[in-house]
Amino acid sequence: MSDRPEHPAYPVGLRLTGRRVVVLGGGTVAQRRLPALLAAGADVLLIAPSATPSVEAMAEAGELRWERRAYRPGDLDGAWYAVVATDDAEANAAASAEAEERRVWCVRSDDAGAATAWTPATGRSEGVTVAVLTGRDPRRSAAVRDAVVEGLRDGTLSAPRHRARRAGVALVGGGPGDPDLITVRGRRLLAEADVVIADRLGPRDLLDELPPHVEVIDAAKIPYGRAMAQEAINAALVEHARAGKFVVRLKGGDPFVFGRGMEEAQALAEAGIPVTVVPGISSSISVPGAAGIPVTHRGVAHEFTVVSGHVAPGDPRSLVDWAALAKLRGTLVLLMAVERIGAIARALVEHGRDPRTPVAVVQEGTTAAQRRVDATLATVAERVGAEDVRPPAVIVVGEVVGVGPAAPAAR
């Protein structure tokens, strides 16, 4: 094979469902190739005296058949495709010769020039398989593959659907504010939207990247008269979806963490409109992390509790058991609590939490305007006022506030 003139490889997609694929060798090459073969539905026979733990686990799970021995002539009988990846050069050459004789497409890890097939650098995104071949430069193949797949995933590479348009509404969690912290799926759906109804706390920078034809609606400015604002948002989602538009409801954080996402999903389901929910990175974990605060830490906190502070302790509308929370030893994360932190801190202390408990208030976390104010339960209300802390801010209560390498002393 190696003395043949160089020509570009002819690309083709093999449909291997239910068809025999023989893999010789159970090392790291097999470990990398096997998942894609299994995902393609291939009937995989592994022949190798030993295997890596990951490959062995695939065999134990029944994903493939494993014969624990070295290669023998005739092993490629009935195969459609072969991967030759042993550390025995003579066995590799013999298997390659058998593949040539039986006209079985064969990949060789030790000598690409002697192979009858090359494995492209592949990636997948929403039903699209990207396969890149650059001859004998696998690093360049991988780099090109990564660039194309990333572009498809984040929407920077425009590839509109022509056979099937997406329908309905996607409730997308946009993360805590930094546009890079939206999920890959969320960003891709945003790039496909006809209408985007955005919250104030969503990643606003992403809206500038949308094509001109996309209608962007500020949820805070939807006119609602005597109706509740949420009811008006629900009505707008239904109206645009029924008009045949694909609608993205872009929310801050995660749709189901104090985001009223389920109310919107229920309204859409009642209207018969399909809903896709894309979870987002919740500010309850990401904002403390961005400020150097782990919500759990070995030997310090084995649990963390996330609480909405939009209703003060003692308010008849409150559903929070503040007495029970005060007795917990772990971390307490408060969202929407800046305006009521004084009442919340007093309630925690009254029910037994040490007034010296460290507190950190992180305003506009993960954005360029992020800042952190440290205090204790006894001083946090005064510090928030003195520092003019404004929403959005995440408040962390607990000993984890002080475990970071650069944590300032509480005041």
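These legends describe close-up views of one predicted model.

**View 1. Helix α1 and its buried face.**
Helix α1 covers residues 28-39, and its buried residues are Ala30, Leu34, Leu37 and Leu38. Looking down the axis of α1, these buried residues fall within an arc of 90°, so they line one face of the helix. An α-helix has 3.6 residues a turn, so residues three or four places apart point the same way. What do the buried residues of α1 pack against? Their partners are β1 (20-24), β2 (43-47), α2 (53-60) and β4 (81-84). Turn to the other side of α1, and Thr28, Arg32 and Ala39 are exposed. Gly41 follows α1. The phi of Gly41 is positive, near 85°.

Tyr10, Val12, Leu14 and Trp105 make a nonpolar surface patch of about 520 Å². Trp105 belongs to strand β5, residues 105-108. Is Trp105 buried or partly exposed? Its relative accessible area is 49%, so Trp105 counts as partly exposed.

Side chains of opposite charge can pair when their charged atoms come close. Here, Arg69 forms a salt bridge with Glu67. The closest N and O atoms of that pair are 2.8 Å apart. Arg69 also forms a salt bridge with Asp75, where the closest N and O atoms are 2.8 Å apart. How covered are these residues? Arg69 is buried, with a relative accessible area of 16%. Asp75 is buried too. Glu67, by contrast, is partly exposed, at a relative accessible area of 32%.

**View 2. A network of charged side chains.**
Salt bridges link Asp199, Arg249, Lys251 and Glu264 in a network. How many salt bridges does a search of the whole structure find? The search gives 18.

**View 3. Gln363 and its surroundings.**
Gln363 sits in strand β15, which spans residues 358-363. This glutamine is buried, because its relative accessible area of 9% falls under the 20% limit. What does the side chain of Gln363 reach at 3.1 Å? It reaches the backbone nitrogen of Arg390. Neighbours within four places in sequence are set aside for the contact list. Gln363 then touches Ala369, Gln370, Arg371, Asp388, Val389, Arg390, Pro392 and Ala393.

Asp388 and Arg390 form a salt bridge. The closest N and O atoms of this pair are 3.3 Å apart. Asp388 counts as partly exposed, at 41% relative accessibility. Pro392 lies in the loop between α11 and β17 (393-397). Both Arg390 and Pro392 are among the contacts of Gln363.

**View 4. Val384 in helix α11.**
Val384 is part of helix α11, residues 380-386. With a relative accessible area of 7%, Val384 is buried. Which residues does Val384 touch, not counting those up to four places away in sequence? The answer is Val338, Ile341, Val361 and Val389. Take Val361 as one example. Val384 and Val361 are 23 residues apart in sequence. In space, their C-alpha atoms are 7.9 Å apart.

**View 5. Two loop residues with positive phi.**
Arg260 has a positive phi, near 60°, and is a residue other than glycine. Arg260 is found in the loop between β11 (247-251) and α7 (261-270). Its relative accessible area is 38%, so Arg260 is partly exposed. Thr366 has a positive phi as well, about 75°, although Thr366 is not a glycine. Where does Thr366 lie? This threonine lies in the loop between β15 and β16 (371-376). Thr366 is buried, with a relative accessible area of 14%.

Notes
Residues are numbered from 1 along each chain as its sequence is written. This is a predicted model: local features need pLDDT of at least 70, side-chain atom pairs count only at pLDDT 80 or more; totals for chains, interfaces and linings use all residues. Side-chain values use heavy atoms; hydrogens and water are left out. Patches are made of residues with over 30% relative accessible area and no salt bridge: like charges are joined within 9 Å, nonpolar side chains (Val, Leu, Ile, Met, Phe, Trp, Tyr) within 5 Å. Accessible areas come from the Shrake-Rupley method with a 1.4 Å probe; for residues, only the protein chains shown count as cover. A salt bridge is a side-chain nitrogen of Lys or Arg within 4 Å of a carboxyl oxygen of Asp or Glu. Helices (H or I, at least four residues) and strands (E, at least two) are DSSP runs, numbered from the N terminus. Buried means under 20% relative accessible area, exposed over 50%, partly exposed in between (1.4 Å probe, protein chains only). The arc is that of the directions from the helix axis to the C-beta atoms. Contact means heavy atoms within 4.5 Å. A polar contact is a pair of N or O atoms within 3.5 Å; within protein, one must be able to donate a hydrogen and the other to accept it, and residues adjacent in sequence count only if both atoms are side-chain atoms.
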